[in-house]
Amino acid sequence: MAIERTCIGCRNRDSTDQLLRIVSKDRHIVVDVARTASGRGAYVHSNPKCVSQAVNRKAVTRALRVSGDIDLTALQDLAT
Ligand SMILES: [Zn+2]
C-alpha cells in the first residue's frame, strides 16, 4: 500500500509519489529529490497552486518545525 502524506498547500492527503519532499537545511528549504535527506520532511504537490499556498501560509516553517527566518527561494521557484 502506498504511503500517504498531507500536502502542506491544499491539506489533502496523497501518496508520496505524487508529492515533493522538502526539508530544511542550514536555514534553506531544499527539495529532497532523492528522498534521502535526514530529518523532518514536509510534502507538497508539485503544482504551482499548492506550492504558492504553502509559501503564503508559511506552512513550511510550521510543518518542518523551524523558527525564524528561512530561505524559501527553492520553494518559490517551484511555484513559477
Ligand atoms: Zn496539494
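Let me begin with strand 5. In this predicted model, four of the five residues of strand 5 are buried, so the strand is largely enclosed by the rest of the structure. Its pairing is with strand 3: the two run in the antiparallel sense and are joined over five bridges.

The protein contains five strands and three helices, and the order along the sequence is β-β-β-β-β-α-α-α. Its radius of gyration is 11 Å, close to the 12 Å that the globule rule gives for 80 residues, so the protein is as compact as a globular protein of that length. The C-alpha trace spans about 35 × 25 × 20 Å along the principal axes. Of the 80 residues, 24% are buried. If we take contacts between residues at least 6 apart in sequence, 56% of them join residues at least 24 apart.

I turn now to the largest nonpolar core, which has 16 residues. Which of its members touch the most other members? They are Ile8, Ile22, Tyr43, Val44, Ala54, Val60 and Leu75. Two or more residues of this core come from each of strand 3 (19-25), strand 5 (41-45), helix 1 (48-56) and helix 3 (73-78).

Leu75 deserves a slide of its own. Setting aside neighbours within four places in sequence, Leu75 is in contact with Ile22, Ile29, Val51, Ala54, Val55 and Val60.

That brings me to helix 1. Which residues of helix 1 are buried? They are Cys50, Val51 and Ala54. These three cover an arc of only 100° around the axis, which puts them on the same side of helix 1.

What does the buried side pack against? The buried residues of helix 1 pack against strand 5, helix 2 (59-63) and helix 3. On the face turned away from that buried side, helix 1 carries the exposed residues Pro48, Lys49 and Asn56. Just after helix 1, Lys58 adopts a positive phi of about 55°.

Definitions and conventions: Residues numbered from 1 in each chain as written. Predicted model: local features only at pLDDT ≥ 70, side-chain atom pairs only at ≥ 80, totals over all residues. Core = buried A, V, L, I, M, F, W, Y, C linked by C-beta atoms within 7 Å. Buried ≥ 20, exposed ≤ 12 C-beta atoms within 10 Å, placed from the backbone. Contact = placed C-beta atoms within 7 Å. Rg over C-alpha atoms; globule rule 2.2 N^0.38 Å. Pairing = 2+ DSSP bridges. Arc of directions from axis to C-beta.
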